[in-house]
Amino acid sequence: MLTKLIGGKVYDPANKIDGQVRDIYIRDGRVVDRPRDGEPVSQEYNLNGKVVMAGAIDMHTHIGGGKVNIARMLLPEDHRGDPVAHTELCRAGCGHVIPSTLTTGYRYAEMGYTAGFEPAVLPINARQAHLEMGDTPIIDKGGYVMLGSDDFLLRMLAAKKDQNAINDYVAWTMHASQAMGIKVVNAGGISAFKFNQRMLDLDEKNSHYQITPREVLNTLSRAVYELGVPHPLHVHGNNLGVPGNVETTLNTMAGVEGYPIHLTHIQFHSYGTEGDRKFSSGAARIAEAINQRKNVSADVGQILFGQTVTASGDNMAQFRNHAAGSPHKWVCMDIECDAGCGVVPFKYKDQNFVNALQWAIGLEIFLLVDDPWRIFLTTDHPNGAPFTSYPHLIKLLMDKTFRNEMLSRISPDAQAMSTLASIDREYSLYEIAIMTRAGAAKLVGLHDRGHLGAGAGADITVYTDQPDREAMFAKPDYVFKDGELVVKDGSVVKVTWGTTHTVKPEFDRGIEREIKKYFDAYHTVNMEHVKVTDQHIADDGRGRVQVHECKGRREKAV
Amino acid sequence: MSNITSTSTFQSITCPACGLLCDDIHLARNHSGKLSVTQNGCQRSISFFSRAALPSSAKIKGNPVSLDEAVAHAAKLLSASKQPLFAGLGTDVNGMRSIMRLADNSGAVLDHMNTNGLMRNIQTVQNSGWQVTTLTEVRNRVDLLLIIGTDVVSVLPRFFERVVWNKESMFGQDTSQREVVYLGGRDLDISAGTSPDGRKPQALPCDVARLPEVVSVLRALVSGKKLHATEVAGIAISDLQNLSERLSKAQYSVLAWAPPALNFPHAELTVQNIADLVKTLNKTTRSSGLPLGGSDGDMSANQVCTWISGYPLRTSYARTYPEHDPYHFSTDYLLANDEADFLLWVSSFNPERTPPATNIPTVVLGHSTMSFEREPEVFIPIATPGIDHSGILFRMDNVVSLPVEQLRASELPTLSVVISAIEKAVTC
């Protein structure tokens, strides 16, 4: 069966197509160049004047796992404001800051997104993350598994184990957790908090292991690179939210010996200490550093005003910041000598100086980083704002007049501390397509997504070109997932189950003997039971698992 | 497992009999499919695995019928209902997923058989949040374990063996020096709290009903308040003062409670007081709460309900969208006030957890050996996760989930299969 999308303006940066009018053919869920000789077209869509892009990819969104479900449990009052009724096609749920899994899938699809990646999968909680994502319909998904505060790695570092052994452990963890990448959160800091340390700067030692975050970051960024994992080490820096943390972030970029790293929700790590209130924007310095260092990419973690909830593996930072939360209730957990989590509701206010400046800092970073292939559109859902606010954020980036009008409404003191009004840049549709499609797919390591060339999975979003970019991106005309029409006029018309993306880097299985011995001595579960199987993910007809290639694997160091 | 009909032995099997989900059980299976624990058992696991696989038939009003007839009758009763209640919910993750789908399609209320206790914890999370920990952290870090209102072992038999008196620990702690204190309760069996070298635990007994006062006093002392009283509920303030000082000095204290044991009105406020006490300790040192529970799939039911509906248990789909009410949507309340006209009761792990007495039409999807004082309208025997089929369960700490295995051939249908059949029959 062949589907033809006729005459749309195509924005496909991976193939350097910038708004040219093209026809697109879809066969068996894939984009193809052209029909075979004599092959009939079964279905046509006239897209004359419409904007056509690949389906959008959220490369950092908290959609599954323990902390997400804790956040749901914590906030019944928020859900009550956004009930989602059962329809003929879709099941019931609730939305707003931390939606139920089903509603998450529907709403992402209705916004033209066809994939989302959970960035904080704890190895010991990976099965839950996959179970929740398994109940998230339509979109593709995957996760980055957290290392860096786990006792086994810190032990290896303290014992000065060689890099090859560490690489084996990292690869073993990716297999066991069915992960697409490696995430490090407050390197060594979650562990340090369990030993009652309250801060851990880049060169400060964890009091038990005598290991610094810098050592953890160097080792893990090298491991990811040497294993050939396409997604660079995903780094949630130390000192989140602390005024002056811009120095830590700049040092982190400089400190990884040129290995590729991705700095996530960098807005929360770009704060200076200037001004009367000792809180200022470090955006210009951060953007300059990203512009210069080609091994570095970042997503912003933009905050937008209103109620949300922050859910993070960084229980050290969440504990530190809980007093600023609203409503005033919060959960922190120490987890299995492996990781932790902290869930703190936040209400960002435009008249609050700090919140207003955080908003401006995020936008400054977006606009001052030159290369859209290395900066990504996120709100760190739900930490900066729920993902449903992406169309609003896109409008802020594409429409200077609108942005300045919004700027004029925030705390005047924050306005005075921001250079935002002087920045003229407006993102183009091509650049938005890079940030949310082509660049995101490349960064995550999805070879067949995020573009519309032959062979790509036919995840395609069609918009009406409107001057109001928020309205345009909120409600696509059509969304195709693997070639099937799943959304029409901004509403789900078909429910499918997406694919779970993983990588399985090669490693020396000998490491498993060590890990097993360790689990038997210290843990409360059998090592074998930590492993997430394909069946756990795809049971009951919930999609399938796709393993991506780890190209460019490096030989073992001598 | 190569052949699930022959005799065999198993190692590293996960036991669903309590919230610990011990996964080191050794089992033997004889030619008739009977299982027996050969190593690492406890009273609960021995009785759980040794329950016979009785050939069992579906029944309508106590009379044997075919599965199809039972399903058709159950579907008819459900279709006729204006307000169905799905309760018990003793099942695994996939079983609960199917329950959620049917509840959504039929406008049912969801409540678990353990929720009267569990809700005390859920309400604490909803009201104030908490700082809690998981079993491997306890095993490797705890230096002072304060147990409030329970003996622990009647809820989680191997708790001390697995996470308190373990020989090895990650950070070089001499685990035999761990301090154990029992606060509240009368005539508790505290023998498990005795250290391997014979050191007895401290006990500060009082009536459970007076724990609200005792916990408040301890929290006040930890917060640095001075009290004029010299005793509370029979416990000397000086003993509590001493305990408060030890908690403040401890490097990683753990405060454990079992919600069902706190069986007095508004016990959620006492749980909240414990949670706030832990938060206070964390201003200067490290401390964590540890809620004890997790039997009959309650953690699994609550997790699945929360991610699929957005709300924890005691959630209703009556108005086509989920609504949550910790009081109104309780089984006891709905039955006492005639607000439900159909009960679907699920208990796949435990034949002793039979449905509450009620006059409304009741469909029981239960353990094959379940028997009734009064036969329900429909009884369908279902497979037990972790014996008759594989599945996934959440442990008591709500973080770790473990796969459970099929250990013997079984003709019993899984809960998901029966629910799907009912769903189909309702739709037809």
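Guide: Cys332(A) stands opposite Gln131(B), a residue of strand β8 of chain B. The strands concerned are β18(A) and β8(B), the latter spanning residues 129-132, and they pair in the parallel sense over four bridges. Strands here are DSSP runs of E with at least two residues, helices are runs of H or I with at least four residues, and both are numbered from the N terminus. Two strands count as paired if DSSP finds at least two bridges between them. Strands of a sheet pair through backbone hydrogen bonds, either parallel or antiparallel.

The model is predicted: local features need pLDDT of at least 70, side-chain atom pairs count only at pLDDT 80 or more, and totals for chains, interfaces and linings use all residues. Residues are numbered from 1 along each chain as its sequence is written, chains are lettered from A and ligands numbered from 1 in the order in which they are written, and side-chain values use heavy atoms, with hydrogens and water left out.

Across the interface as a whole, 60 residues of chain A are in contact with 65 residues of chain B, contact meaning heavy atoms within 4.5 Å. The area buried between chain A and chain B is about 5,500 Å², and carbon and sulfur atoms give 53% of it. Buried area is the accessible area (1.4 Å probe) that two parts lose on being put together, summed over both. Between chain A and chain B there are 47 residue pairs in polar contact, both residues being at pLDDT 80 or more. A polar contact is a pair of N or O atoms within 3.5 Å; within protein, one must be able to donate a hydrogen and the other to accept it, and residues adjacent in sequence count only if both atoms are side-chain atoms. Five salt bridges cross this interface, a salt bridge being a side-chain nitrogen of Lys or Arg within 4 Å of a carboxyl oxygen of Asp or Glu. One of them joins Asp135(A) to Arg97(B), with the closest N and O atoms 2.9 Å apart. On the side of chain A that touches chain B, strand β18 (residues 330-335) provides the largest share, six residues. That side divides into 26 nonpolar, 16 polar and 18 charged residues. In this division Ala, Val, Leu, Ile, Met, Phe, Trp, Tyr, Cys and Pro are nonpolar, Asp, Glu, Lys and Arg are charged, and the others, Gly among them, are polar.

Over all chains, the whole structure has 52 salt bridges. Within chain A, Arg449(A) forms one with Asp459(A), the closest N and O atoms being 2.8 Å apart. Both residues lie in the loop between α16 (429-444) and β21 (460-464) of chain A, so the pair ties together parts that are ten residues apart in sequence.

Chain B also holds an open sheet of nine strands with mixed pairing, in the order β5-β4-β20-β19-β18-β6-β7-β16-β17. Its edge strands are β5 (63-65) and β17 (323-324) of chain B, each pairing on one side only.
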